Structure formats: structure tokens, C-alpha cells
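Hi,

Here is the structure I promised to pass on. My notes on it follow below.

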Amino acid sequence: MRPKIGDIFVYIFIVVLVGLSFLGLKAMGTHKGKAVVRIEVDGKLVETFEMPDLKDTGAFREIPVDMNEDEFNVVRISSKGIDISDANCPDRLCVYSPAIKTPGQSIICIPHKLIVRITGETPKDGDVDDTAS
Amino acid sequence: MKKTRKMTMLALIVSQALVLHYIEGFIPVLAPGAKLGLANIMTMVTLMLFGFKEAMVVVIIRSVLGSLLGGSVTGIIYSLSGGILSGIAMAFLYSRLEKYLSIMGISTAGAVFHNIGQLLAASWIFGSIGILFTYLPILMLAAVATGYFNGLVSHYLLGYLRTRIREA
């Protein structure tokens with residue numbers, strides 16, 4: 001009934017996993033260039049835009065995403081970041097997910113196969129448009 | 001144990017796992033996607049009373065029927081990937097390292113691998129490994145608590161079931 005010596009290794013393993021996932025997330029987020037928000041449904045990109053400045057209240061808006069006639073999610077941009085303000089999926093876990101704002105983070109809605117993620121777009125070397133701007 | 005008796009026991013265990021699987025959907029947990037994993041109690045009990053093969057049978061039947069009960073067919077793949085991975089992990093730990101691990105330790109490891117299995121399935125379906133990294137830390141936190149609790153329940157349930165089986 002009492003804990004045995006090996007239990008400590010289970011907890012060490014958990015701490016290592018948590019550490020690794022933070023490292024993995026960081027590695028995915030360290031692209032150079034502007035952060036880009038991608039909204040994908042069933043693996044297909046439906047909308048993408050540059051990550052707006054969260055201090056700019058003018059950028060705040062809601063983007064409805066319709067999967068088909070009776071399935072929808074509403075992506076919201078607010079001062080907290082990007083989150084899902086409404087959806088009619090059965091579990092509504094996406095609505096309860098916290099807002100995201102840094103590259104590498106994502107919100108998923110499993111029943112609707114929706115994923116909202118922030119990626120760092122790596123600019124190509126010697127890109128004319130990039131140097132011009 | 002007689003063959004018929006064993007079959008009846010397994011059928012009862014599957015039905016109990018199914019009920020647990022179904023009702024835990026109504027119990028809110030702090031993090032999105034986190035669950036109590038009560039059905040894991042029945043997997044542990046089967047593993048320790050019968051063995052790996054029987055535990056896998058219970059996991060697979062429970063996952064398939066549970067997903068159908070819940071009404072979402074896509075749930076099957078998450079349920080199966082998590083259940084099978086955690087079943088394999090717990091069976092390995094129980095058969096090889098039982099001397100060093102308490103039942104709570106094994107149960108916690110099972111919860112951890114259940115989450116890893118589900119997140120790998122989600123990452124594969126959505127084509128982004130970032131899902132695994134994003135949700136793993138918070139789910140690990142939940143796994144420590146639920147794993148310990150489920151281990152405790154399994155311990156007392158096993159103590160009771162073992163004496164009952166011996167009497168029969």
C-alpha cells in the first residue's frame with residue numbers, strides 16, 4: 001500500500017517529459033520573421049493572416065469558420081490573444097481552451113477537425129520583398 | 001478458474017469499464033481534455049487478476065463500445081491509441097518492475113502513457129506535433145493526481161476481488 005522506491009522514477013519521468021515538451025515548443029517557435037496565424041480544417045488551410053498587434057484594438061474581430069451547414073467555430077482576436085469564442089461541437093473543449101499568442105501554440109477542436117495555430121514564417125534568404133520592406 | 005467463470009468475470013469487467021468510461025464524460029476536470037480515466041481502474045484489475053492478453057481485450061472492447069456509446073466515431077481512434085499504449089506500458093511495468101513500483105506508480109505511468117498515446121494520435125491526425133507539446137504539460141499534471149487516485153481504488157478493489165475469487 002505504501003509507495004515503493006521505483007515510484008520516484010515515474011515522477012522523474014513526468015518532469016522530464018514536461019521539460020521536453022517545453023523545449024520542443026520553444027524550438028518550434030523560434031523561427032525568424034513575422035508570426036502567422038493559420039486556421040486549418042481537416043488538414044486544409046482555410047484562412048491565414050499575420051499575427052495582429054494585441055495592443056491594437058482595431059485588429060479585434062471574430063472570424064466565423066463553417067465546416068458545413070451545421071458545424072461552426074468562431075475564432076476571436078482580442079487583447080488576450082486568439083481563442084475560440086463559440087462553437088457547436090459536442091464537447092466545446094476548444095471554447096474553454098486558453099487564448100494563444102506566441103508561435104508554436106495551438107488550439108484544436110477535435111470533433112470539427114479544426115486547428116488554429118501560430119507559426120513563425122521563416123523568410124527566405126535574399127527575398128526581394130523582404131529586404132524592400 | 002474455470003473458463004466460463006473467467007468469461008463471465010471479463011464480461012462484467014468490460015461492462016463496468018464501459019459505465020465508468022461513459023459517466024466520467026460528465027465529470028468536469030480542471031484542464032480541457034483531461035479526464036479522470038476511471039476506466040483505467042478496470043484495465044489495471046484485469047491486468048493483475050488475469051494478465052496482459054485479457055487486459056488488452058478489455059481495453060479494445062471498452063474503447064470501441066464506449067466511443068459508440070458516446071456518439072462520436074472519431075473518438076475510437078483516440079480511445080484506442082491511449083488505451084493500448086497505456087495497457088502495454090502498465091503490463092511491462094507490472095511484469096518486470098512490480099517489485100520496485102507500487103500500484104499507484106504503475107497506475108500513474110499508465111495515465112501518462114494514455115495521454116501520450118492520445119496526443120500522438122491527435123498530432124498525427126492534425127499533422128502537427130505541436131499539439132503534443134502544447135497539451136502534454138497540463139495533462140501530465142492531471143495524470144499525477146488521477147493516476148494516484150485510480151491506483152488507490154485499484155488496490156482496494158483488488159484486495160477485495162482476490163479474496164472473493166479464492167472463496168469461489
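What should helix α5 (residues 103–126) of chain B span at 1.5 Å a residue, and how far apart are its end C-alpha atoms? The 24 residues should span 34 Å, and the end C-alpha atoms are 34 Å apart, so the two agree. The expected span here is 1.5 Å times one less than the number of residues. Helices are DSSP runs of H or I with at least four residues, strands are runs of E with at least two, and both are numbered from the N terminus.

Before the rest, some housekeeping. This is a predicted model, where local features need pLDDT of at least 70 and side-chain atom pairs count only at pLDDT 80 or more, while totals for chains, interfaces and linings use all residues. Residues are numbered from 1 along each chain as its sequence is written, chains are lettered from A and ligands numbered from 1 in the order written, and side-chain values use heavy atoms, leaving out hydrogens and water.

Back to α5(B): 19 of its 24 residues are buried (under 20% relative accessible area; exposed is over 50%, partly exposed in between, with a 1.4 Å probe and protein chains only). Just after this helix, Gly127(B) has a positive phi of about 65°.

Ser79(B) sits in helix α4 (residues 75–97) of chain B, and it counts as buried because its relative accessibility is 7%. Leaving aside residues up to four places away in sequence, Ser79(B) touches His21(B), Arg62(B), Ser63(B), Ser67(B), His114(B) and Gln118(B) (contact means heavy atoms within 4.5 Å).

Now the interface. Chain B puts 32 residues into the contact and chain A 30 residues. About 2,700 Å² is buried between the two chains, with carbon and sulfur atoms giving 74% of that; buried area is the accessible area (1.4 Å probe) that two parts lose on being put together, summed over both. On the chain B side that touches chain A, α5 and α6 (130–167) each supply at least two residues. The most comes from α6(B), with 13 residues.

Two loops in chain A are worth a look as well. Asp42(A), in the loop between β1 (35–41) and β2 (44–50), has a positive phi of about 50° although it is not a glycine. Asp42(A) is partly exposed, at 45% relative accessible area. Lys113(A), in the loop between β6 (106–109) and β7 (114–120), also has a positive phi, near 55°, and is partly exposed at 30% relative accessibility.

Cheers
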